[in-house]
Amino acid sequence: MRLYGFWRSSAAYRVRIALALKGLEWEPVAVDLPADGQRQPDFLALNPQALVPALEDGGAVLAQSLAILEYLEETYPQPPLLPPGAVARAEIRRLAAMVACDIHPLGNLRVLRYLRGRLGADDAAVTAWIHQWIGEGFRAMEALLAGRAGRFCHGDAPTLADVCLVPQVYNARRFGLDLTPYPTLVRIDAACAALPAFAAAAPEAQPDRPA
Ligand SMILES: N[C@@H](CCC(=O)N[C@@H](CS)C(=O)NCC(=O)O)C(=O)O
């Protein structure tokens with residue numbers, strides 16, 4: 001398997017966590033986002049959306065991290081990242097979608113570039129924007145998980161919800177969001193960080209991370 005990603009891309013980070021939890025071997029292909037590697041013809045041929053990650057597996061090229069996660073779950077089912085039961089699975093997919101569909105897209109590189117370039121937002125305004133949308137999403141996630149989560153978002157084994165949550169917490173810290181109002185999310189993030197698979201997938205552990 002070949003994963004096109006970027007060390008700090010949280011969508012690629014999700015896929016790296018799932019690959020590691022499932023014990024799968026993969027080859028990293030770095031796409032330098034700040035240098036617009038995602039807009040070069042060779043990458044656009046793989047993903048015309050100009051977004052990482054993309055995963056090559058057995059001749060197939062997949063994109064969109066949630067689709068890739070579901071593919072991995074179906075193709076390499078052990079250990080499962082979705083529990084038995086339609087309701088529990090829907091709850092986990094809900095949490096994953098809250099991050100991947102509602103929080104993360106508003107802080108994406110191209111959105112922040114547009115805010116700065118076309119709308120003239122300064123650093124303070126961009127930071128306020130990021131805090132607003134992560135904060136709104138995290139408030140809802142905290143309300144859903146407080147008093148209900150186990151060691152992880154759902155019970156005592158990591159699921160796709162944790163796979164999506166951890167990179168978003170990384171982003172929140174990167175942009176200096178105060179996480180005090182989200183103690184359950186912080187506790188789950190710490191439980192995940194203690195697992196070797198999450199540590200191996202962390203941005204700091206990636207070979208394309210600048211020295
Ligand atoms: N919905 C997509 C989002 C992918 C995405 O936003 N990737 C970011 C990095 S985290 C990216 O490639 N950004 C490039 C850009 O904004 O130009 C997914 O889940 O895969």
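This is a predicted model: local features need pLDDT of at least 70, side-chain atom pairs count only at pLDDT 80 or more; totals for chains, interfaces and linings use all residues.
Zooming out, the protein has nine helices and four strands, and a ligand is surrounded by 16 residues. Here's the tour, topic by topic.

**Overall build**
- Walk along the sequence and you get the pattern β-α-β-α-β-β-α-α-α-α-α-α-α.
- The radius of gyration is 17 Å, close to the 17 Å that the globule rule gives for 211 residues, so the protein is as compact as a globular protein of that length.
- Taken along the principal axes, the box filled by the C-alpha atoms is roughly 45 × 45 × 35 Å.
- Of the 211 residues, 35% count as buried.

**How the strands pair up**
- Strand β1 (residues 2-5) runs parallel to strand β2 (residues 27-30), and four bridges join them.
- To get from β1 to β2 the chain passes through helix α1 (residues 10-21), and this β-α-β crossover is right-handed.
- β1 also pairs with strand β3 (residues 54-57), this time in the antiparallel sense, over three bridges.
- β3 in turn pairs with strand β4 (residues 60-63), again antiparallel, and this pairing has four bridges.
- R2 is a handy landmark: it stands opposite E27 in β2 and opposite E56 in β3.
- E56, for its part, stands opposite V61 in β4.
- The C-alpha atoms of E27 and L55 are separated by 9.8 Å, although the two are 28 residues apart along the chain.

**Around the ligand**
- The closest residues to the ligand are S9, L51, S65, L109 and R110.
- By class, the shell has nine nonpolar, six polar and one charged residues.
- The ligand lies between domain 1 (2-79) and domain 2 (86-197), because both give residues to the shell around it.

- As background, most peptide bonds are trans, and most residues other than glycine have a negative phi.
- The peptide bond from V52 to P53 is cis, with omega near 10°; P53 lies in the loop between α2 and β3.
- Another cis bond runs from Q78 to P79, with omega near -15°, and P79 is in the loop between α3 and α4 (86-103).
- D36 is not a glycine, yet its phi is positive, near 65°.
- You'll find D36 in the loop between β2 and α2, where it counts as exposed with 12 C-beta neighbours inside 10 Å.
- Q64 isn't a glycine either, and has a positive phi of about 70°.
- Q64 is in the loop between β4 and α3, and its 17 C-beta neighbours inside 10 Å make it partly exposed.

**One more loop residue**
- P34 is in the loop between β2 and α2 (41-46), and with 9 C-beta neighbours inside 10 Å it counts as exposed.
- P34 and F6 are 28 residues apart along the chain, and their C-alpha atoms are separated by 9.7 Å.

Definitions and conventions: Residues are numbered from 1 along each chain as its sequence is written. Two strands pair if DSSP finds at least two bridges between them. Helices (H or I, at least four residues) and strands (E, at least two) are DSSP runs, numbered from the N terminus. A crossover is right-handed if, with the strands pointing away from the viewer, the path from the first strand over the helix to the second runs clockwise. A residue is near a molecule or strand if its C-beta atom, placed from the backbone, lies within 6 Å of it. Ala, Val, Leu, Ile, Met, Phe, Trp, Tyr, Cys and Pro count as nonpolar, Asp, Glu, Lys and Arg as charged, and the others, Gly among them, as polar. Domain bounds come from an automatic or database domain assignment. The radius of gyration is taken over C-alpha atoms; the globule rule is 2.2 Å times the number of residues to the power 0.38. A residue is buried if 20 or more other C-beta atoms lie within 10 Å of its own, exposed if 12 or fewer, and partly exposed in between; C-beta atoms are placed from the backbone.
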